[in-house]
Amino acid sequence: MASIAITQDNFKSEVLESDKPVLVDFWASWCGPCKMMGPVVEEISNERTDIKVCKINVDDESDLAEQYGIMSIPAFYLFKDGKVAAQVVGGQPKDGLLKSLGL
């Protein structure tokens with residue numbers, strides 16, 4: 001399943017109220033490491049049916065980025081039961097990302 005683009009309008013329903021863990025990728029189109037991680041995030045979204053994968057463009061959704069204290073991107077947050085369970089900042093190989101997030 002392809003990743004879901006998150007906005008302020010669907011954040012609550014897609015992330016906070018999700019019945020399964022949600023991997024959220026905070027990114028921006030001008031960010032080199034974000035571009036590098038894009039295919040990795042899509043690969044995860046296509047391979048893992050036990051989690052939901054979402055992307056938040058920090059330029060378009062600055063309120064959400066500010067709410068979660070995003071200072072560097074890419075930033076990956078794992079939400080479980082509406083709360084942040086793990087976070088990783090920066091690009092890394094898929095296996096390392098999943099391991100760091102406890103997936």
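Reader: What is the strand order of the open sheet?

Author: This is a predicted model. Its open sheet has five strands in the order β1-β3-β2-β4-β5, and the pairing is mixed.

Reader: What makes β1 and β5 edge strands?

Author: Each pairs on one side only. β1 covers residues 4-5, and β5 covers 83-89.

Reader: How do you know that β2 pairs with β3?

Author: Count the bridges. Two strands pair if there are at least two bridges between them. Six bridges join β2 to β3 (residues 52-57). Therefore β2 and β3 count as paired. They run parallel.

Reader: Which way does the chain cross from β2 to β3, and through which helix?

Author: The path goes through helix α2 (residues 32-47), and this β-α-β crossover is right-handed.

Reader: Why is that crossover called right-handed?

Author: Point the strands away from you. The path from the first strand over the helix to the second then runs clockwise, so the name is right-handed.

Reader: Where does α2 pack?

Author: On the sheet, where α2 touches β2, β3 and β4. The direction of α2 makes about 155 degrees with that of β3.

Reader: What makes β2 and β4 a pair?

Author: The requirement is at least two bridges. Five bridges join β2 to β4 (residues 75-80), so these strands pair. They run antiparallel. Val 24 stands opposite Tyr 77 in β4. Phe 26 stands opposite Ala 75 in β4.

Reader: Why is β2 described as largely enclosed?

Author: Five of its six residues (22-27) are buried, so the rest of the structure largely encloses β2. Phe 26 is buried, at 0% relative accessibility. The limit for buried is under 20%.

Reader: How do you know that Cys 31 and Cys 34 form a disulfide?

Author: Their sulfur atoms are 2.4 Å apart. The cut-off is within 2.5 Å, so the pair qualifies. A search of the whole structure finds one disulfide. With 75 degrees about the S-S bond, the link of Cys 31 and Cys 34 is right-handed.

Reader: Are these two cysteines buried or exposed?

Author: Cys 31 has a relative accessible area of 4%. Cys 34 also has 4%. Buried means under 20%, so both count as buried.

Reader: Why is Cys 54 in no disulfide?

Author: The nearest cysteine sulfur, that of Cys 34, is 16 Å away. A disulfide needs sulfur atoms within 2.5 Å, so Cys 54 has no partner. Cys 54 is buried, with a relative accessible area of 0%.

Reader: How many aromatic pairs does a search of the whole structure find?

Author: Seven. Among them is Phe 11 with Phe 79.

Reader: Why is the pair of Phe 11 and Phe 79 called edge-to-face?

Author: The ring centres are 6.0 Å apart, and the planes make 80 degrees. Rings pair within 6.5 Å, and planes over 60 degrees apart count as edge-to-face.

Reader: What does the pair of Phe 11 and Phe 79 tie together?

Author: Phe 11 lies in helix α1 (residues 11-16) and Phe 79 in strand β4, so the pair ties together parts 68 residues apart in sequence. Phe 11 is buried at 4%, and Phe 79 at 1%.

Reader: What makes Phe 26 and Tyr 77 an edge-to-face pair?

Author: Their centres are 5.3 Å apart, with 70 degrees between the planes. The angle is over 60, so the pair is edge-to-face. Phe 26 lies in β2 and Tyr 77 in β4, so parts 51 residues apart in sequence are tied together.

Reader: Which residues form the aromatic cluster?

Author: Phe 11, Phe 26, Tyr 68, Tyr 77 and Phe 79 form one cluster.

Key
Residues numbered from 1 in each chain as written. Predicted model: local features only at pLDDT ≥ 70, side-chain atom pairs only at ≥ 80, totals over all residues. Heavy atoms only, no water. Buried < 20%, exposed > 50% of the residue type's maximum accessible area, 1.4 Å probe, protein only. Helix = DSSP H or I, 4+ residues; strand = E, 2+ residues; numbered from the N terminus. Contact = heavy atoms within 4.5 Å. Axes fitted to C-alpha atoms, helices over the stretch in contact; angles between N-to-C directions. Phe/Tyr/Trp six-rings, centres within 6.5 Å; stacked < 30°, edge-to-face > 60°.
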